[in-house]
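Please read the following with the coordinates open beside you, moving from one chain to the other as the paragraphs do.

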Amino acid sequence: MTRVLLGLLFVSSLLCVYPSRPLLAQENPYFVTYDHNLEEPGNLEIEYFSTFGTQRSGNDFHAFWMEFEYGVNAWWTTELYLDGQSTFRDSTIFTGIKWENRFRPLKREHLINPVLYVEFEHKSDADKTMKEGEGHDVESDFLTPNSELRKGINNEVELKLILSSNFKGWNFSQNTLAAKNLANSPWEFGYALAASRPLALKASATRCRFCRQNFTVGAEMYGGLGDRYSFGLKNTSHYLAAVGGWNLSNGWTFRLSPGFGLNDDSHKFLLRWGISREISGFDQMIRRMFGGKS
Amino acid sequence: MMPSSLRFFLAVAGLTMLVTAASTRSSAYGASNAVPQWFRSDVYAELGKVPDKDRSRINPLENDPQGVVAGRILFQDHCSECHGDDAKGARKGPSLRASEVQKATPGTLFWILTNGVIRKKMPSWSKLPEPQRWQLVRYVKSLGTD
C-alpha cells in the first residue's frame, strides 16, 4: 500500500510541475458542498486537503486526502480519492479510497441546476476526513484508538442530489445525501448548504495575483440527518464554516476554512485547508503517451 | 499487504480514468484521421437556437474602456486551450473569427457562454460572474473575421 501511495504522490508531483498553458482555475471555495460546475473536459485537477480537528476527552487529529478530478465530458466528472489520518499521540494510517462520479442531466443552465452524484467508498472506521455529514456520525466515534478502528472495513455507496444556482455573482448550493453501507446497515442521510461570492465580479485589465476577483469567500453548513429508522437531528453532528479560496492564473487554488461544531455531538473546531492545481489538456497528454497525435 | 478487493478497486478506478482520458478525443472526433467536429457546418448551429429575448440583450459593458483588454486575459485563461491562442480554432473548438460568430449579437454569445453546448463538450461558463462573461463577449466581438 505504501508503495502505491508513494507512486501516486510521485506522479502527482510530476504533474503539478508540468508546464501547462495559463489557466485560471476559478474553483469554488467549498470543502464539503458541491456546486453544479463540473471539471472542464480533458482537464485533470490534483488536490490535497487537510482537516485539523479537536477532540474532547481524546486526541486531536489531522485527516488528509488527495483528489484526482477529471472532466470526461461537459456533463460527466469522475474523481478518485485517497484518504488518511494522523491521530496525535496515536498513529498515522491510510483509511480508504473513494471513487466519485458527477453527472449533469440538463443541457441548459437554469435558475436551479441539478447534478447527480454517485460514489463508491472502500474505507475503514478510522476515516476522519469528514468530507460529509451523514447519519449519526458524532464526535465520540473518534475516541477509539486507530488500532481498533482500522479493523472495521466498509464498502459504501453514497448518492447525492446537488442543486446549485449562480445568481448575480453568488453561488448557492444545496446537497442532499443518502449513503448505504453495503453490509446490512440502514440508509443514512445528510445535508450540506453553501453560498459564496468573488470579492469582485469584473475582471481586471491586467494580470494580477492579488486582484479581488481572484478571491472568493462564503460559508457552508453541513451535518447528519440520522438514518432510515431514526431520521432527524437527534444524535447527529452539525458544522458551520467560513470558506475562502484564492485562484491563481497558473492553475493553482488555495482554500482555507475554519469551522465550528453547532451542538455537543460535534467537534468543537475544525480547520481545513487545501491546495490544488488544474492541468489543462490532460487528455492530450495521455493520448501522446499512448502514441496518439496531439 | 493490500487487500485484494482494494487492489481490484484501485485497478478499476485507475483504468477507468486512464481509458476515459485516452478516449475523450476519439469520442469527440471519431477516428484520429476523421474530420474534426468544428469543420462540420452544423457546429455553429447552436447560435441559431438562442431564444429571442436572450439574443436581443445588450452588453452592459459595451462602452467599458477596459472591457476588451480584460476579456483578452479571460480568453487566455479559459478559452484559448480549445479555441486556440488566436481564436482561429483548434482541434477541440471552432474558430471564433468565423462570420457566424462575428455576426452574432452580444446577447447570443453571452447565452452560449452561459449555457455551453454540453453535448458537444463546450462547458457552461456560468461559474464566471456575469460581468466577466460580458467582458469575454467584448473581446470575441473585437476579433473580427479572418
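In helix H3(B), the residues Gly67(B), Val68(B), Ala70(B), Gly71(B), Arg72(B), Leu74(B) and Phe75(B) meet Gln132(B), Gln135(B), Leu136(B), Arg138(B), Tyr139(B) and Ser142(B) of helix H7(B). Sorted by class, this contact between H3(B) and H7(B) is made up of six nonpolar, five polar and two charged residues. Two packed helices are described by the angle between their axes and the distance between the axes. For H3, which spans residues 67–78 of chain B, and H7, which spans residues 130–143 of chain B, the axes come within 7 Å and cross at roughly 95°. H3(B) is therefore roughly perpendicular to H7(B).

All of this belongs to a predicted model, for which the scores are ipTM 0.89 and pTM 0.88. Chain B has an average pLDDT of 83, and 72% of its residues score at least 70. Over residues 24–35 of chain B, however, pLDDT stays under 50, and for this stretch the model has 14 contacts beyond four places in sequence. Where pLDDT is low, the predicted coordinates should not be read in detail.

Strands of a sheet pair through backbone hydrogen bonds, either parallel or antiparallel. One pair can be followed in detail: strand S7 (residues 170–181) of chain A and strand S8 (residues 188–198) of chain A run in the antiparallel sense and are joined over nine bridges. Within S8(A), Ala192(A) is the bridge partner of Asn175(A).

Two loop residues of chain A also deserve a look for their backbone angles. Met130(A), which lies in the loop between strand S5 (113–124) and helix H2 (146–149) of chain A, has a phi near 50°, a positive value in a residue other than glycine. Lys168(A), in the loop between strand S6 (153–167) and S7 of chain A, likewise has a positive phi, of about 50°, although it is not a glycine.

Is each of these residues buried or exposed? Met130(A) counts as buried because it has 23 C-beta neighbours inside 10 Å, and the cut-off for that class is 20 or more. Lys168(A), by contrast, has 9 other C-beta atoms within 10 Å and is therefore exposed, a class that requires 12 or fewer.

Technical notes. Residues are numbered from 1 along each chain as its sequence is written. Chains are lettered from A and ligands numbered from 1 in the order in which they are written. This is a predicted model: local features need pLDDT of at least 70, side-chain atom pairs count only at pLDDT 80 or more; totals for chains, interfaces and linings use all residues. Two strands pair if DSSP finds at least two bridges between them. Helices (H or I, at least four residues) and strands (E, at least two) are DSSP runs, numbered from the N terminus. pLDDT is the predictor's confidence in each residue, from 0 to 100. Two residues are in contact if their C-beta atoms, placed from the backbone, lie within 7 Å. Axes are lines fitted to C-alpha atoms, for helices over the stretch in contact, and angles run from 0 to 180 degrees between N-to-C directions. Angles under 35 degrees count as roughly parallel, over 145 as roughly antiparallel, 65 to 115 as roughly perpendicular and the rest as oblique. Ala, Val, Leu, Ile, Met, Phe, Trp, Tyr, Cys and Pro count as nonpolar, Asp, Glu, Lys and Arg as charged, and the others, Gly among them, as polar.
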